[in-house]
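Visitor: I have a model open on my screen and would like to learn how to read it. Could you walk me through some of its features?

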Amino acid sequence: MNFALQNTAIDPIHQFQVSKWLDLSIFGVDISFTNASGFMLLGVVLCIAFFGYAASKKALVPGRTQSMAEIGYGFVADMVRSTAGEEGLRFFPFVFTLFFFVFFANMIGMVPYAFTTTSHLVVTGALAMLVISIVIGFGIWKNGLSFFKLFAPSGAPWPIYFILVPIEVISFLARPVTLALRLFANMLAGHIMLKLFATFAAQLIGAALSGAVFMGVVGILAFGMGIALNALELLVAGLQAYVFAILTCVYLNDALHPSH
Amino acid sequence: MLLALLAETAHHLPDDAPPPFPPFEAWHMPGQLFWLAILFATLYFSLSRFILPKMSDTIEKRSDRIASDLDQAAKLNEQATEAQQALELRIAQAKAKARETANKAAAKIDAEMTAETARVDAEIEKKLDAAEERISALRATAMQNVEQIAVDAADAMTARFGLKASAADLKKAVSTALN
């Protein structure tokens, strides 16, 4: 067996490698269409195709596709309504887009050999910055300077504010960072784990085939673990999209009602 | 942990290059941001302009339809209740009428029966009287016959004793003994 090939195969970072599909640049900036862009495009196309098809149905008694899409609609609408109130519904299309963008990216990432768009910090970071920009921009546009009451919750005795305000400011600044890192780290670590267990199982079973029977037993255990991890990662893929969306709603709620 | 992992994987890669960690490589970041912006905006606009309004329209129409159907059902239910009440009223009326008719018939029959009973009673009484009259007549006749027999027997007895009593005396003695 080729030694070098074997070693690239067990490199769990390889799956995050960005490679150019189409060389593009604008004003000297490299904006090449990469595998990352390709899978992002796939997610967006699938999302538009699914919801576009479902929305074109308009049946009084929905079929399976329409029903699924409407469950998604109701799910996001309830999430927005319960965390940000009725006024929060003006952000419903944004939260819906965000949730399903991340959801489709995560789910496509679960397919072997697919690229996980959300495993790149630049993507999750950009989404988090978008969210927090909207929160700040809308918060100031709607509430003016009273938006900054967010950092000084009412009802505390005045000396407390010397501690409270810095804590609130830091926690606010930490929001985009944690929002971006949570999704990025979950997808990255999850996919590394999947890759490690899969290659581990394959190598051990390979060793068992060349005589080391005990290795086969461990290999089968590792394979079972890989299956369990796949199930877990599927859960994480859905859950992290949900967490991203619901935290967006929570932050938008602050922009809508800063004094709360 | 990530760094440890990097160090772990480092020696698998060619020795001359430092290990690149793809998510932290800079060269693809502008491209990623560019395509993210375009694709996210595309998704946002197609969802918010075309798809979501259509879906909310469908959902709203359905809930309107359900509400109107429920209204109609309530209306029909009310009508049914009314019809049932009317029916119950008519049944009650019919029952009352039937009861009245039955009572009337019963009263009529009662009256007829009392009249008939009275008539029959009177007839029986009459017959009884006649019968009693006849019985007492018969008894009187019988008593007369007995008296005659007693007179004859007394005549015969006195004759055996060699005596002779007049018929009038005999008759008087017999009737004294009998009464």
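This is a predicted model: local features need pLDDT of at least 70, side-chain atom pairs count only at pLDDT 80 or more; totals for chains, interfaces and linings use all residues.

Visitor: What is the span of helix α2 of chain A?

Guide: Helices (H or I, at least four residues) and strands (E, at least two) are DSSP runs, numbered from the N terminus. The expected span of a helix is 1.5 Å times one less than its number of residues. Helix α2(A) has 21 residues, 35-55, and should therefore span 30 Å, in agreement with the 30 Å between its end C-alpha atoms.

Visitor: Which residues of α2(A) are buried?

Guide: A residue is buried if 20 or more other C-beta atoms lie within 10 Å of its own, exposed if 12 or fewer, and partly exposed in between, with C-beta atoms placed from the backbone. In α2(A) the buried residues are Ala36(A), Ser37(A), Met40(A), Gly43(A), Val44(A), Cys47(A), Phe51(A), Ala54(A) and Ala55(A). They line one face of the helix, because they fall within an arc of 145 degrees when seen down its axis; the arc is that of the directions from the helix axis to the C-beta atoms.

Visitor: What covers the buried residues of α2(A)?

Guide: Contact here means that the C-beta atoms of two residues, placed from the backbone, lie within 7 Å. The cover includes β4 (33-34), α3 (64-84) and α4 (92-109) of chain A, together with α2 (29-160) of chain B.

Visitor: How many residues does each chain bring to the contact?

Guide: Chain A brings 40 residues and chain B brings 32 residues. On the side of chain A that touches chain B, β3 (29-30), β4, α2, α3, α4 and α5 (121-143) each supply at least two residues. The most comes from α2(A), with 10 residues.

Visitor: How do α5(A) and α2(B) cross?

Guide: Two packed helices are described by the angle between their axes and the distance between the axes. Axes are lines fitted to C-alpha atoms, for helices over the stretch in contact, and angles run from 0 to 180 degrees between N-to-C directions. Angles under 35 degrees count as roughly parallel, over 145 as roughly antiparallel, 65 to 115 as roughly perpendicular and the rest as oblique. The axes of α5(A) and α2(B) come within 9 Å and cross at roughly 45 degrees, so the two are oblique to each other. Their crossing is right-handed; a crossing is left-handed if the near helix is turned anticlockwise from the far one by less than a right angle, and right-handed if clockwise. Val122(A), Val123(A) and Ala126(A) of α5(A) make the contact with Met29(B), Gln32(B), Leu33(B) and Leu36(B) of α2(B).

Visitor: What is the secondary structure of chain B?

Guide: Chain B has three helices and zero strands, in the pattern α-α-α along the sequence. Of its 179 residues, 8% count as buried. Helices α2(B) and α3(B) (residues 167-178) pack at about 120 degrees, with axes 9 Å apart, which makes α2(B) oblique to α3(B).

Visitor: At what angle do α6 and α7 of chain A pack?

Guide: Helix α6(A) (residues 161-209) and helix α7(A) (residues 213-256) pack at about 165 degrees, with their axes 8 Å apart. They are therefore roughly antiparallel, and the crossing is left-handed. In α7(A) you will find Ala222(A), which is buried with 20 other C-beta atoms within 10 Å. Beyond its neighbours within four places in sequence, Ala222(A) is in contact with Phe197(A), Phe200(A), Ala201(A) and Leu204(A).

Visitor: Which phi does Lys58(A) have, positive or negative?

Guide: Lys58(A) has a positive phi of about 55 degrees although it is not a glycine. Lys58(A) lies in the loop between α2 and α3 of chain A and counts as partly exposed, with 15 C-beta neighbours inside 10 Å. Tyr113(A), in the loop between α4 and α5 of chain A, also has a positive phi, near 75 degrees. With 5 C-beta neighbours inside 10 Å, Tyr113(A) counts as exposed.

Technical notes. Residues are numbered from 1 along each chain as its sequence is written. Chains are lettered from A and ligands numbered from 1 in the order in which they are written.
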